[in-house]
Amino acid sequence: MERAFSIFVISLSRRSPGEGGRIRVSFFVISAFACPAVVPRLRDEGGCFVICFPFCASCVTFPFMRRAIYPGSFDPITNGHLDVIERARKLFDEVVVAVAHNDEKQPLFSLKDRLDLLRETAGKIDNVRIAEFEGLLVEFARKEEAGAVIRGLRAVSDFEFEFQMALMNRKLDASVETIFLMPKEEYTYLSSRIVKEIARLGGDVSAFVPVLVARALAIKLKKNISTK
Ligand code: PNS
């Protein structure tokens, strides 16, 4: 009985990781034939003939993953953040929502709590990954092989700080591009700071944050009040 099989050895090479380059795939085909069809003499002897012809069959290119970092304090995540994440994931293969170890800001929620809330909300969205980072944002982007940083731009008042940060990041690493995305109009006045203030003063924040976050805010603020 004639048998034939092939082994494909695939070699991968990548260029411009941050830019979402392409993967080059070379096929080296090693074909092994059981003897009957190949050499009549060997067939008569019942032997086997193995023919190996390693060759680079072709070089095929596949698109390489485009990844963006969406950094922030996320203290806590709001519906405005979620809106930006939804927009970003339509533009990129993967969005890494990265929480900065930003203790100078004296966050209400600990890093662990912020990460947990993100995992339970944004982390459930396809192509979204939750991470944390310490140090420079551009270093983290490089480590993650991300070519872009996403920032939400709500109003002109955001612009000055965002502009400064984007240009500084470009100076630090010109290969990382900052992309500004505008959230839905109804979220343009929304910020984590204002949500915390409303919650602290006993207002209803359920329209501004996921249910889980509203609950976490209530628990956190009650605890904070009782420890004062
Ligand atoms: O949600 P925030 O607080 O506006 O996020 C600010 C953040 C975390 C994106 C920014 O402080 C940051 O990138 N920190 C990392 C340190 C860094 O790279 N600094 C230089 C940027 S100018």
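Predicted model: local features only at pLDDT ≥ 70, side-chain atom pairs only at ≥ 80, totals over all residues.

Step back to the whole chain. Its secondary structure comes to seven helices and eight strands. Of its 228 residues, 25% count as buried. Take the contacts between residues at least 6 apart in sequence: 71% of them join residues at least 24 apart.

Five strands form an open sheet in the order 6-5-4-7-8, and the pairing is parallel. Strand 6 (128-133) and strand 8 (177-181) stand at the edges. Each has a single partner strand, so one side of each lacks a neighbour in the sheet. From one strand to the next, the twist averages 30 degrees. Strands of a sheet pair through backbone hydrogen bonds.

Strand 5 (residues 94-100) runs parallel to strand 6, with six bridges joining them. Here V95 has V128 of strand 6 as its bridge partner. Six bridges also join strand 4 to strand 5, again in parallel. P71 has A98 in strand 5 as its bridge partner. Strand 4 pairs with strand 7 (residues 148-152) over two bridges, in the parallel sense. There I69 stands opposite V149.

How well is strand 4 (residues 67-72) covered? Six of its six residues are buried. In a regular strand, side chains alternate between the two faces of the sheet. In strand 4 both faces are covered. R67, I69 and P71 are buried on one side, and A68, Y70 and G72 on the other.

Methods. Residues numbered from 1 in each chain as written. Helix = DSSP H or I, 4+ residues; strand = E, 2+ residues; numbered from the N terminus. Buried ≥ 20, exposed ≤ 12 C-beta atoms within 10 Å, placed from the backbone. Contact = placed C-beta atoms within 7 Å. Pairing = 2+ DSSP bridges. Axes fitted to C-alpha atoms, helices over the stretch in contact; angles between N-to-C directions.
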